[in-house]
Amino acid sequence: MILNKETAIKTAEVLLQIKAIKLEPQEPFTWASGWKSPIYCDNRIVLSYPLIRNFIRENFAKQIEEIYGKPDVIAAVATGAIGIGMLVAEYLSLPFVYVRPEAKSHGRKNQIEGNLEAGQTVVVIEDLISTGGSSLNAVKALRDSGANVKGMLAIFSYGFDIAEENIKNANLQVHTLSNYEYLIDTAQRTSYIKESEVEILKSWREDPAKWSPL
């Protein structure tokens, strides 16, 4: 869910500007899943640009307080969201933890790194939501530890139907600063892509697993 239209547009603009998101309809990328995709997103690049990371940090903080009030803890999904999650926690003067994909096999065998007590309220920070699998895995770990997960905020979402279904089934409230629709509209308006490429990009989102550029 998008909370603020102006923030969604600005977020799309800056992600394209710094090439955190790349659109290549004619020369698609291959994801680890094997999917062919005209888009590639690496929001960790945000951390290299102080003005833009501050924009992301401050809008996350503003939306967290607007939607949830002030939680007890900010949690981030490893590894992509750790940097921006830490910045948000610092900005709000809150404790910070991050959640690994699975528990370590050695040492303290933690999946959640940092101090988290049962019953504490938590807002989760994510950099990108695709199918929602890794995001919801982190939420499950937090809930299993006794945390009260209020919701999740992400920088960007592809808006796949499967992600929305998974999030609904997990009974989780999720907001994103921007999403695929705002990205394509922004890319079209700023002539980042050609008019002829708009339908290609829209068709991919409809069925990414079966999409082909040919």
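This is a predicted model: local features need pLDDT of at least 70, side-chain atom pairs count only at pLDDT 80 or more; totals for chains, interfaces and linings use all residues.
1. Helix 6, which spans residues 180–189, and helix 7, which spans residues 195–206, have axes that come within 10 Å of each other and cross at roughly 170°. Angles over 145 degrees count as roughly antiparallel, and helix 6 and helix 7 are therefore roughly antiparallel to each other.

2. On the side of helix 6, the contact between these two helices is made by Tyr180, Glu181, Ile184 and Gln188, while helix 7 contributes Glu195, Val198, Leu201, Trp204 and Arg205. Sorted by class, the contact of helix 6 with helix 7 has 5 nonpolar residues, 1 polar residue and 3 charged residues.

3. Which residues of helix 7 are buried? They are Glu197, Val198, Leu201 and Trp204, and because they cover an arc of only 130° around the axis, they lie on the same side of helix 7.

4. On the face of helix 7 that is turned away from its buried side, one finds the exposed residues Glu195, Ser196, Glu199 and Glu206. Glu195, then, is an exposed residue of that face, and Glu195 also takes part in the contact with helix 6.

5. Thr7 has its place in helix 1, which covers residues 5–17. Is Thr7 buried or exposed? Buried means under 20% relative accessible area, so Thr7, at 9% relative accessibility, counts as buried.

6. Leaving aside residues up to four places away in sequence, Thr7 touches Phe55, Asn59, Gln63 and Leu177. With Asn59 there is also a polar contact, made between the side chain of Thr7 and the side chain of Asn59 at 3.3 Å. Pro101, by contrast, is 94 residues apart from Thr7 along the chain, and the C-alpha atoms of the two are separated by 30 Å.

7. His175 lies in strand 10, which runs over residues 174–179, and with a relative accessible area of 2% His175 is buried. Not counting residues up to four places away in sequence, His175 touches Met1, Leu3, Gln63, Ile67, Tyr68, Met152, Leu153 and Ala154.

Methods:
Residues are numbered from 1 along each chain as its sequence is written. Side-chain values use heavy atoms; hydrogens and water are left out. Axes are lines fitted to C-alpha atoms, for helices over the stretch in contact, and angles run from 0 to 180 degrees between N-to-C directions. Helices (H or I, at least four residues) and strands (E, at least two) are DSSP runs, numbered from the N terminus. Angles under 35 degrees count as roughly parallel, over 145 as roughly antiparallel, 65 to 115 as roughly perpendicular and the rest as oblique. Contact means heavy atoms within 4.5 Å. Ala, Val, Leu, Ile, Met, Phe, Trp, Tyr, Cys and Pro count as nonpolar, Asp, Glu, Lys and Arg as charged, and the others, Gly among them, as polar. Buried means under 20% relative accessible area, exposed over 50%, partly exposed in between (1.4 Å probe, protein chains only). A polar contact is a pair of N or O atoms within 3.5 Å; within protein, one must be able to donate a hydrogen and the other to accept it, and residues adjacent in sequence count only if both atoms are side-chain atoms. The arc is that of the directions from the helix axis to the C-beta atoms.
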